[in-house]
Every structure is written in structure tokens, then in C-alpha cells.
Amino acid sequence: MKIDQLFSVSGKSAVITGGASGFGLAAGRALAMNGADVTLIDMNADALAAAAKSLADDGLTVATAVADVTGKEAIRKAIDDAAACCGGIDILFANAGISGGPGFLQTDGSRNPATQIENQSNEVWEKVLDVNVMGIVKTIQSAVPHMKKQGHGRIVVTSSCSATKTEVFVGSGYVISKAALGHLVRQLAHELAAFNITVNAISPGPAATNIAGGRMKDPEAAKLFSRYIPMHRVAQPEDVVGALLFFASPASAYVTGAEILVDGGAVLGIAD
Ligand SMILES: NC(=O)c1ccc[n+]([C@@H]2O[C@H](COP(=O)([O-])OP(=O)(O)OC[C@H]3O[C@@H](n4cnc5c(N)ncnc54)[C@H](O)[C@@H]3O)[C@@H](O)[C@H]2O)c1
């Protein structure tokens, strides 16, 4: 097969949650540029409108839907509408996620009493698990009936290198939420394989997106995190596109339950 067919997403219906920003927007741009019919879903209506406009300025048309992935009815309606308008759901990028606040160390190496386990807020834990785990579950639950009906589907989940390694500057609830996603992907890959639906994960490292108030866009923060990354830089949103096109296209037809780390080697150990 020629490489352009092997990685083709042309004519496919693709839905992306968290599509207004960061990895989701980069994914939407890449899929639309390569001929997919893209629906961006996000809870932030203003950011979603700005995202659609920035794509339109580049000659790319996408559909949009405002929905919070933690609301089962809202996400189901957004996905049903996308399926109705685009003839099904071939590709689901379940990507929306939030930060779980700061980690147990501050960047100067000191310990903030408020972020030690005995003092951590249960509300923060519950919120990050609700969005990052249950939001992904509800998103997948909404897309699977369409995929079963059409007899195929590609589900790609945004996890994190935090699913594999522990973190000092990242809140524990976030780390645990991503570890849960790692096994969710394997479990659902097993369950859905018989329906010709693959489920895979992309696990980025620290990236210059808008998560956590866009802290990785701050050159000082990026420099600090880069010290722990063998490739000596944080990720850019576009860095996930190659892995996404692989999981979304014929190239990965026999790949399920897999994870691609897009982390500049962050899980490998201390940087030189
Ligand atoms: N940026 C990083 O350092 C990093 C590293 C590893 C993994 N990730 C993961 O990447 C994914 C995308 O995050 P990003 O870094 O692009 O951040 P981002 O903040 O730039 O984009 C996330 C988008 O998700 C939306 N969103 C958040 N909660 C939502 C909800 N409940 N319902 C619908 N939309 C919601 C936000 O409005 C935002 O537009 C997340 O799952 C995140 O955990 C990020």
C-alpha cells in the first residue's frame, strides 16, 4: 500500500473532545487538512468559536458542539449529532482533560503543606477523576453504539506519561487519573476487539498547551520541566499528530490496547 493510503483519514468522520485548544485543536487541524469530516467538542464555547475561526482562516471547515464531557446526556447528544451529520463516527479522539493542581513539591524543591497527601482537597481529586476518567468513559460510551452499528471504529484516548511515571510537580489526582486511563484502554480494547473497534492511547509529556493556566507556555516553567526530559524540550501540540494519524488510519489496522509515548523520553529517567 502506498504511504498516502496507509495513513489516509480522507472522508472519515472524526470527533474530538477538548477540541478547542492544545492537542485537540492540533488534532482537528491535522485531520481536517487530510480530508476528514471533523467535529470539535468542547465545554468552552468562546474558545471553540475561536478555534473554528482559526481553522476557517486556513481554509478548513469543521463542525463544533459545546458540551461538557462529564454530562452524559450532553456528550451523547453532541456525538449523536456528529454521527447524524457525518454518516457515523469512524474516529473518536477522547482527549478532554484537566490538571489536578500542583504536585507535592514546589519548583524550588520545598514542600507546600497544602499539597501533601494528608491535606489534599477531596474536591480536587473528585473533579480531576470525574473529567479525566469518567468524562472519557462517557465519551466512549456515546460513540460505541455508532461504531458497533457501522462495524468499525478507532478510539484514541489522550493519557499522559504520568500514567507510567510518578510526578513531583503534578497533582496526585491527575497522575492517578491517567494511570486509570492506561488500563481503561486495555480493558476496552479487549471488550471491543470483536466489534472491529480499536482502542489505543497517546501519552504525551509536558506540553505547551493551555492546561494548568498554560504554565508550560511560560519559558521559565518550560525550561525547568525540560531538565527532566532527555530531548530537552517540552512538547508542542503538533507533536501528537503523528501518533494520532497512525491510530486513526489503516496503518494501525491490527493495533489495539497500545500506547504511544510522545514525551521526548521523559519516562526513561533522569535527563543528561
Ligand atoms: N499539556 C500537557 O502537559 C499534557 C501532558 C500529557 C497529557 N495531557 C492531556 O492532554 C489532553 C488535552 O489537554 P491539553 O494539554 O491540550 O490542554 P488544553 O487546556 O489546551 O485543552 C484542553 C481542552 O479541553 C477542554 N475541556 C476541559 N474539560 C472539559 C470538559 N469537562 N468537557 C469538555 N471539554 C473540556 C478545555 O476547555 C480545553 O479546550 C488532556 O487530557 C491532558 O490531560 C496534557
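**A friendly note on the predicted chain**

1. Residues are numbered from 1 along each chain as its sequence is written, and side-chain values use heavy atoms, with hydrogens and water left out.

2. Next, the overall make-up. The protein chain has nine helices and seven strands (DSSP runs numbered from the N terminus: helices are H or I with at least four residues, strands E with at least two). Its radius of gyration is 18 Å, close to the 19 Å from the globule rule for 272 residues, so the chain is as compact as a globular protein of that length (taken over C-alpha atoms; the rule is 2.2 Å times the number of residues to the power 0.38).

3. On burial, 48% of the 272 residues are buried, meaning under 20% relative accessible area with a 1.4 Å probe, protein chains only.

4. Helix α6 is worth a look. Spanning residues 172-192, α6 has 21 residues and reaches 30 Å from first C-alpha to last, close to the 30 Å expected at 1.5 Å a residue (1.5 Å times one less than the number of residues). Its buried residues include Tyr174, Leu181 and Leu188, and among the elements covering the buried residues of α6 are α5 (122-150) and β6 (197-204).

How values were computed: This is a predicted model: local features need pLDDT of at least 70, side-chain atom pairs count only at pLDDT 80 or more; totals for chains, interfaces and linings use all residues. Buried means under 20% relative accessible area, exposed over 50%, partly exposed in between (1.4 Å probe, protein chains only). Contact means heavy atoms within 4.5 Å.
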